[in-house]
Amino acid sequence: MAVQNIAVKLCGVLQSKDEGEVTAREWRLVGQEQDGSQLLTWISTKNGHDVMNVGVYKNKTKTLDILNTFDEKLNIIQASVNSSHSLLVYVVKVVPSEDGADKEAIYCPFLISLLPDKVNMPEEVEEGSTKQIMLQFVYGKSNKYSPGIRNDRFLLFKHLECIKIYRSPLFLNECEDGTEKWGFDGIYPQPETIVNIFSWAQWDCVNQVLFYIHYRSPTQSFAEGEEVKSPSELTPTLSALQFHADLPHETVLNIPLSLPHVPGAHGAAAACGSYEDDPIPLRVHDCSLDLYIVCDQRGMLCVCHHYLYKPLDDSTSSLVLDDVDLKDSGVNFAYSVTLLHHGCVVHSVVPDLPWSLAKSLRPSYTLYNDNHLLVNIPMLFTHILDISPQHEPCCHIVIPMDPSDSGPSLAPLHGWGPHTMVDLNTLDVVTMGVSEKDLTSTFKSDTVIENKLAIMHYVIQHEGNMDLAEELISWLCLNQHDGLGGLQRVMQEYLIGTTYAVTRRSLPASAVGLMNWLPFTLHLKFADVKAGSATVCVSVSALWRGAAAAVVLAPRQRVAQFAEDAWTRLWIALCALAIPKNRLRPDHVRDRLAVTLHCYQPEALSRCSTPMSPTGPPIPARRPSLVAQDSLPFMELDVCTTSKQEHVIAANLRAVSVHLMTESSNCNSGALESGVHALATRWAAAQLDAARALCRAVVRAVGAVPQPHQTRGFPFIDEMESTHALILLKTLEQYYVATDSIAFPLPQGFSSFFTYLGYRTLPFHAFAQYVHRNVFELQIDVLKAIIASKDDDKKRSVNNKLRLIQIVGEARGRRALAAWPSRAALVLRARDHAAALLSGVTAPTRDHAPHRPVKDTGIAALPSGERLSPLDTFLDLLTAKASLNELDFNLIIEATLASVQQETNA
C-alpha cells in the first residue's frame with residue numbers, strides 16, 4: 001500500500017523554502033547512500049527556461065539540498081555524492097537519435113566539485129562507452145592520513161571490462177586573510193583496477209560491499225561421481241569485496257555459481273545488447289542476467305536469481321529463452337534463492353505463463369522481520385520464504401494478489417523505516433508487510449494444506465499471535481475442506497510450534513543452543529501452492545556442506561582478525577552446517593511410549609515425578625474476567641492414583657533428556673547438564689500448555705464452552721442435544737488423534753469426559769471397540785457415571801454394563817459394582833465375597849453402602865418352623881470357613897433375596 005509519494009513530498013519541501021510557484025516536475029531517483037539519503041533529479045523552470053537540478057534528500061531530517069543545477073536537460077541515470085557533499089559523480093546516458101549515425105547508447109561518467117566560491121565545471125572521468133558505466137562513492141574515514149586532507153574514493157563500473165577505484169582528494173588551503181577553505185585539484189590520473197572482467201555487479205551501500213560475478217577456471221576435483229570439467233571451460237563465480245573505513249579492501253567471499261545460461265569466454269558471449277539501468281540498488285548488468293543479493297549483518301546472505309526458460313521435450317534439461325520460436329507458447333517464470341547461511345537453494349517455478357506477461361515481471365526481494373524473505377511478483381502473488389537462522393528453511397507462504405494490468409518496479413529504500421520500498425516508476429513509497437487480514441483470508445481460502453501449515457508456523461513462531469492461531473484452528477474445525485487428515489496436521493503443527501516457541505522464549509541464553517536438537521515443525525517438505533490462476537512449484541536442493549573455508553574468508557585471515565561483522569557470522573553458520581542437526585522426532589517418542597503404556601496402571605500406588613506433580617506452589621488463579629473464556633467443559637482433574645498425563649510427560653522428559661545428552665556430547669558437561677534439565681522441564685510444561693490451549697480452541701469452535709450457570713463435566717454432556725454431542729465427539733476425536741500421534745499429554749479430566757461423551761453418543765458396539773483400542777479410558781469416575789445411569793430396565797443395558805466391568809481391572813470393577821444400585825451388581829458382589837471366604841483368601845474391605853435394592857416379600861428362602869432355609873445352610877458353611885468379623889451377613893442375605901425374587905418374577 002502506497003503511504004506517500006516522494007515527488008509530492010519534495011514539492012512540499014521546496015514550497016516551504018521558496019514562496020514562489022514550484023515548477024518541479026519529472027522527478028527521478030538516481031542514487032542512494034549509506035547514511036539513508038537519496039539523490040534525485042528534477043526539471044524546473046528558471047528565468048523562463050527549463051533547468052535540471054540534482055539534489056540529495058534525507059528523510060530523517062526532512063531536508064532537501066540542491067547540489068547542482070544544469071542549464072540544460074541531461075539524461076542522468078545514476079549519481080553519487082561523497083559524505084561531505086563536496087563532490088558529485090554522475091552518469092549521463094546519451095540515447096542515439098533515429099537519424100543519427102550511432103546505433104547504441106553511450107554512457108558518459110562525470111565528476112563535479114560542489115565547493116562554494118568557485119565556478120565548477122563537470123570533469124569527464126573517462127571517455128564515454130557503449131558498455132554500461134556506473135559510479136559510486138565509498139563511504140568511510142576520508143581524513144585518515146592528515147586532518148587537512150580528505151581522501152575520498154569512488155568506484156567506476158564498466159560492464160564486461162573492469163571495476164576501478166578512483167581517488168579524489170580534497171585539500172584544506174590557507175587563504176590570505178587567514179581563513180581556511182577546502183580545495184579540489186582534480187582526480188588522480190592513475191586509478192587502481194580492482195576487478196578486471198565481470199558480467200554482473202551490485203553495490204551494497206549499507207554494508208559497503210561490492211558483489212560481482214567473474215569467470216575463472218574450474219577447480220580440479222577428485223570426488224567420486226562429480227563431473228570433470230574441461231580446463232578451458234570457465235566457471236561463473238560470485239565474489240565479494242568488503243570495503244573498510246581505514247583498512248584496505250579484501251575479498252571475503254567466493255561462490256561457484258550454476259547459472260542456467262553459461263556464457264562463453266570471459267562472459268563476452270553473454271552480452272545481450274541491452275541494459276537495464278538500476279540505480280537503486282546499484283547494479284551493473286545486461287538483460288542476460290538478473291541477479292540480486294540480500295545481505296544482513298547477522299550473517300544471512302541470499303543470492304536471488306530470476307530467469308525465464310522453456311523445458312526441452314527430449315531431455316530433462318532446460319533452455320534459457322534466446323530463440324523467438326520458443327516464445328510462441330507458454331514459458332516458465334523461475335527464480336532461485338541461494339540461502340548461503342543454510343547451505344541450500346530454494347527453486348521456485350511458475351509454469352506456463354504467457355511470454356508477454358513473463359517478460360514484464362520483475363520480482364523484488366526484501367528481508368522482512370529478520371526471519372523472512374519477501375519475494376513480490378507483481379500481478380501474481382507474494383512469496384514469503386522462511387530463512388530464519390534459528391532453524392532450517394521451511395514453511396513458505398504464497399499470498400495471491402488482486403489481478404491488475406501492471407505492477408510496480410520495487411527497490412529497497414533506506415532511511416524511511418523498516419521494510420520500505422519505492423516504486424521506481426511512480427516514486428510511490430510502499431511499506432512491505434504481511435497483514436493479519438491477508439493471512440486470515442489466505443488460510444480460509446481453498447489453498448492447499450501446506451500453505452495453511454506455513455501460515456500456522458508463521459503466526460505462532462514468528463509473530464507470537466496465539467489468539468489468531470486459535471481462531472484459525474476454530475475455523476478449520478468447522479470448515480474441513482482438506483478432510484480429517486488436514487485438520488490433524490494443522491493441529492500437530494500448532495502443538496509442535498507452540499511448544500517450540502514457548503520453550504525458546506523462556507530459556508536462559510546459555511541453553512538456547514540446545515534448541516537445535518528439538519523439533520520446530522513436522523512438515524519440512526516444500527510443496528506446490530496454487531495462487532489464483534498461477535501455480536508455484538517449490539523445491540529445495542542442498543549445497544556443499546562443511547566447505548566454509550573454501551567459500552568465506554576465515555576470521556584469522558581477515559585484515560581485522562578480531563572484528564565481528566556479517567562475514568564472521570556467516571563463516572560460523574557455514575561451519576555449523578558441517579555438523580548435521582539430528583532433531584528429536586515425535587514419532588520416535590510415540591513408539592517408545594506405546595511400549596510403556598502396556599505397563600501403565602491407573603490403580604498403581606507409585607506416582608511419576610514430573611514438573612506437573614503437585615510439589616511446587618500452586619499456580620496463581622486467573623482474573624475472573626478470563627475464567628469464563630478459558631474454561632474447558634470438564635473438570636481438570638484425573639480421579640485415579642496414577643495419571644496417564646503424568647506418564648506421558650515423564651516419557652517426553654526422558655526422551656528429550658537422553659536425546660540432548662546424546663547429540664550434544666561435545667559440550668561442557670556441567671553447563672550441558674544444567675541446560676538439558678532447564679530445557680527438558682520447560683519443554684514438558686510447554687507441551688501441556690499447548691495441548692490445553694488447542695483443546696480450548698476446539699471446544700470453542702463447536703460451541704461447547706459451558707456458561708456460568710452450567711455444570712461442567714458429565715452433567716454438561718447429559719444436557720446436550722444428541723446432534724451437538726456427536727459433532728463435539730468427532731471434533732475431539734481429531735484432537736485426540738493429533739495429540740496421541742506425536743506423544744503429547746492431554747489435559748487432566750479430558751479422558752473421562754471424552755469417554756462419557758462417546759458412551760452417550762455412539763452405539764454400544766462402537767463404544768466397546770473404542771475401549772478395546774484404548775481410545776476410551778474407563779477411569780473410575782466415568783465408569784461410576786456409566787454404571788449409575790438410570791437405564792437398568794433393559795436386560796441388554798445391564799449386560800453391557802457388566803461387559804464394561806469385565807474389561808477394567810479387578811479393583812476398578814469392585815468399586816464400580818459397589819456404586820451400582822442394581823440387583824445384578826448385588827448378586828455379583830455377594831458371590832465374589834463368598835468365593836473369597838470359601839477359597840481362604842482375605843475378604844476385601846466391607847462396603848458400607850446400603851444393600852437392599854428390593855423389598856422383602858416373604859419368600860421361601862427365609863426359615864420356617866418345619867425346615868431350615870438354604871440360606872441358613874449356606875451361612876453355616878461360611879461361618880465354618882471364616883470368622884464372623886469377615887462375614888458380611890447383610891450383603892449375602894440381600895443378594896439371596898434379590899436372586900430368589902428375580903427367579904420368582906421370571
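Of the contacts in the protein (heavy atoms within 4.5 Å) with a separation of 6 or more, 61% are between residues 24 or more positions apart. The model is predicted, so local features need pLDDT of at least 70 and side-chain atom pairs pLDDT 80 or more, while totals for chains, interfaces and linings use all residues. Residues are numbered from 1 along each chain as its sequence is written, and side-chain values use heavy atoms, with hydrogens and water left out.

**Overall make-up**
- The protein has 22 helices and 33 strands, taken as DSSP runs (H or I, at least four residues, for helices; E, at least two, for strands) numbered from the N terminus.
- Of its 906 residues, 51% count as buried, meaning under 20% relative accessible area with a 1.4 Å probe, protein chains only.

**Helix 17**
- Helix 17 (residues 780–787) is largely enclosed by the rest of the structure, because seven of its eight residues are buried; these are Ile780, Asp781, Val782, Leu783, Ala785, Ile786 and Ile787.
- The buried residues of helix 17 pack against helix 13 (714–718), helix 15 (750–761), helix 16 (764–772), helix 18 (795–807) and helix 19.

**Helices 19 and 20**
- Helix 19 (residues 810–818) packs against helix 20 (residues 823–838) at an angle of about 130°, with the axes 9 Å apart, the axes being lines fitted to C-alpha atoms over the stretch in contact and angles running from 0 to 180 degrees between N-to-C directions.
- The contact involves Arg814, Leu817 and Ala818 of helix 19, together with Ala825, Leu828, Arg829 and Asp832 of helix 20.

How values were computed:
Buried means under 20% relative accessible area, exposed over 50%, partly exposed in between (1.4 Å probe, protein chains only).
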